[in-house]
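User: I'm new to this one and would like to go through it step by step. Could you show it to me first?

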Amino acid sequence: MTHTKILGTGSYMPNHIITNQDLAKIVDTSDAWITSRTGIKNRPMTIDENTSDLAYQAALKALESTDISAEDLDLIIVATITGDYVLPGVAQLLQRKLGARMIPAFDINAACSGFIYALDIADKMIQSEAYRHILIVGADILSKITDFSDRNTCVLFADGAGAMVLGPSKEKHIKAIQTFSKGDQELLLYMDSYPLKKNFETPPQARPFVKMQGSDVFKFAVWAMPYTLNKLSETSQIALDDLELIVAHQANERIIRYAAKSLKIPMDKMFMNIGKTGNTSAASVPIAIDEAVQSNRLKRNQVFGTVAFGGGLTWGGAIIKY
Ligand code: ACO
């Protein structure tokens, strides 16, 4: 049977940094509040690069870390909620920028869990032997859909991209992967789309922004992370104690601390870069995995866990031998 292996990783964040002090000049907040309630100090925000530009830089780095090139790719999947256009998707723009062949390329929307969903889909596609080399990317520019007069959300969100190149393997590297959704809580975290037409009149154009009920999302997140990791441990028969590292979605340092406490996992096993990244949505997990690899915190043959949650509600995770 054919299994899936991570061949390489890459990530990219814009150089332009917004500090807590910058945000305190535009909304009623403070560095002390943001740091103590979220762990975030700085966050990258793009000025003139669009989502496919971030995705392209991350994908180039991921490909450079492997011995395959863009022409070897059989499929591209991009997880995003903030594409350059509504159509075409970021995946098609990325295919052109990379000079990939006329392969299938598509976007998926599972909010901050999007990268785990992309990994789940790609894993099944490699197992089916229909595809050999798949590029998966999580790329988001949340600053495009953030209301900078809403202090409940604007202190959290950021921009970035992370990528992974996957290939076939005889060994089962993805020990367990699971994704979930629960559509009855849509208004906890949502953004309006186009209004329904009325009598063929052109409606006035109001710019939509993300809206969130923060404390309810917090409660969901501190339930979803332990639920997922326990399920993955059960499925893979790998004890959480035996994981080298856990790379969780970087939404709030307090959420990661709560999850670690309820699972009795020491904090030095919880990868954390939120202080300098903020919440980059679908990019958060692949950026964190790439940083763990680049800093040698995650080495070849070590087994790690990853977990994410987001709008939808969606959530999921994986236990993987790197
Ligand atoms: N600065 C100062 N005060 C603030 C700020 C701010 N930036 N934001 C909120 N407050 C105030 C609130 O108005 C409230 O004041 P009140 O008591 O006078 O009404 C008080 O702080 C407490 O508000 P809470 O919402 O209870 O604060 P909480 O400790 O829950 O922190 C936060 C808010 C950071 C949003 C937290 O709930 C959180 O992280 N939730 C999860 C969010 C998340 O992860 N979202 C992303 C999901 S992934 C995706 O799909 C994009």
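Here are some questions and answers about how the parts of this predicted model meet.

User: Which residues make up domain 1 and domain 2 in the domain assignment?

Analyst: The assignment gives the chain a domain 1 and a domain 2. Their C-alpha centres lie 14 Å apart. As for the bounds, domain 1 is 3-171 and domain 2 is 175-321.

User: How much area do domain 1 and domain 2 bury between them?

Analyst: Start with who touches whom: 51 residues of domain 1 are in contact with 49 residues of domain 2. Carbon and sulfur atoms carry 61% of the buried area. The area itself comes to about 3,700 Å².

User: And which residues of domain 1 lose the most area to domain 2?

Analyst: Three residues stand out here, and together they make up 17% of what the domain 1 side buries. They are Cys112, Ile116 and Ile145.

User: Which side chains meet in a salt bridge?

Analyst: Across the interface of the two domains, the rule finds one salt bridge. Glu171 falls within domain 1 and Lys321 within domain 2, going by the bounds 3-171 and 175-321. Their side chains meet at 2.6 Å, N to O. So by the 4 Å cut-off, the pair is Lys321 and Glu171.

User: How many residues on the side of domain 1 that touches domain 2 are nonpolar?

Analyst: There's polar contact here too, with 22 residue pairs across the interface. On the domain 1 side, 15 residues are polar and twelve are charged. The nonpolar ones number 24.

How values were computed
Residues are numbered from 1 along each chain as its sequence is written. This is a predicted model: local features need pLDDT of at least 70, side-chain atom pairs count only at pLDDT 80 or more; totals for chains, interfaces and linings use all residues. Side-chain values use heavy atoms; hydrogens and water are left out. Domain bounds come from an automatic or database domain assignment. Contact means heavy atoms within 4.5 Å. Buried area is the accessible area (1.4 Å probe) that two parts lose on being put together, summed over both. A polar contact is a pair of N or O atoms within 3.5 Å; within protein, one must be able to donate a hydrogen and the other to accept it, and residues adjacent in sequence count only if both atoms are side-chain atoms. Ala, Val, Leu, Ile, Met, Phe, Trp, Tyr, Cys and Pro count as nonpolar, Asp, Glu, Lys and Arg as charged, and the others, Gly among them, as polar.
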